[in-house]
Amino acid sequence: MRRVVFNQKGGVGKSTITVNLAAAAAAAGRRVLVVDLDPQGNSSHYLSGSTTPPPVSVAGLFHQMLNISMFEKPVTDFVTATAHPNLSLLASHPELAELMVKLEARYKMFKLRDALEQLDGHFDEIWIDTPPALNFYTRSALIAANRCLIPFDCDSFSRHALLGLIDSVGEIRADHNSGLSVEGIVVNQFQPRASLPQRLVQELRDAGLPVLDPPLSASVKIRESHERSLPMVYLDARHKLSQEFAALYQTLRRQ
């Protein structure tokens, strides 16, 4: 199973959702890989605790795609273990930003799918974090994935953009990846006692959009999770937000 977390808007929690759902899967005994395609590297930092560009990264894999050789390294050579059982990382690198132009010019948009297919026997689940833009890396991720999750941060601007996001996924499905589906909308930073978030989420449901349960609560604990580079399930498994991530992951498993 390969999932991509996608939203063109920044600050909606893509990296937080990617890493914490991947950690919930790993904690449930699944062999999990996180692929970080965002040059900012938030997921990579979250899992590694380091802001230094890693010696092995997805940038190296893309370099290999641009320079075909008889002596190519296996994709597993670009994957690193994390400190958490069952959880591995294909890390981001700042060089991704400048590599994108070369990759686009050489029509390498399908190469990520080919690379991740080589890992099917090594991992049960692959979670892909994407940049906040519909660019080469995001399109590559949507082509490589089976399912797409769309974060929604209970903001009226995000609501207006949702249909456009779903249309973008539909276009990729029609043109390049017939097996891709929108698995659901992940409600993030939800405040159940505030009227606006409740109304916005209900409007999504009334419109027939696939809103997933449970919503993820707004919590200052997530800041500590980021600062300590510990996904919630490892920071405090009994915390309400940790339990919501675990419950959301089980919702996805049942679908």
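Let me start with histidine 84, which is buried, at a relative accessible area of 9%, where buried stands for under 20% with a 1.4 Å probe and protein chains only. This is a predicted model, in which local features need pLDDT of at least 70 and side-chain atom pairs count only at pLDDT 80 or more, while totals for chains, interfaces and linings use all residues. Residues are numbered from 1 along each chain as its sequence is written, and side-chain values use heavy atoms, with hydrogens and water left out.

Histidine 84 sits in the loop between strand 3 and strand 4, strands being DSSP runs of E with at least two residues and helices runs of H or I with at least four, numbered from the N terminus. Leaving aside residues up to four places away in sequence, histidine 84 touches Leu47, Ser229, Leu230, Pro231 and Tyr234, a contact being heavy atoms within 4.5 Å.

Turning to the sheet, 7 strands form an open arrangement of mixed pairing in the order 3-4-2-5-1-6-7, where two strands pair if DSSP finds at least two bridges between them. Its edges are strand 3 (80-81) and strand 7 (181-187), each of which pairs on one side only. Strand 2 (residues 32-36) runs parallel to strand 4 (residues 87-90), and 4 bridges join them; valine 34 stands opposite leucine 89 in strand 4.

Finally, the helices. Helix 3 and helix 4 are roughly parallel to each other, a label for angles under 35 degrees. The contact is made by Val58, Ala59, Phe62, His63 and Leu66 of helix 3 with Leu96, Leu99, Lys102 and Leu103 of helix 4.

Notes: Angles under 35 degrees count as roughly parallel, over 145 as roughly antiparallel, 65 to 115 as roughly perpendicular and the rest as oblique. Buried means under 20% relative accessible area, exposed over 50%, partly exposed in between (1.4 Å probe, protein chains only).
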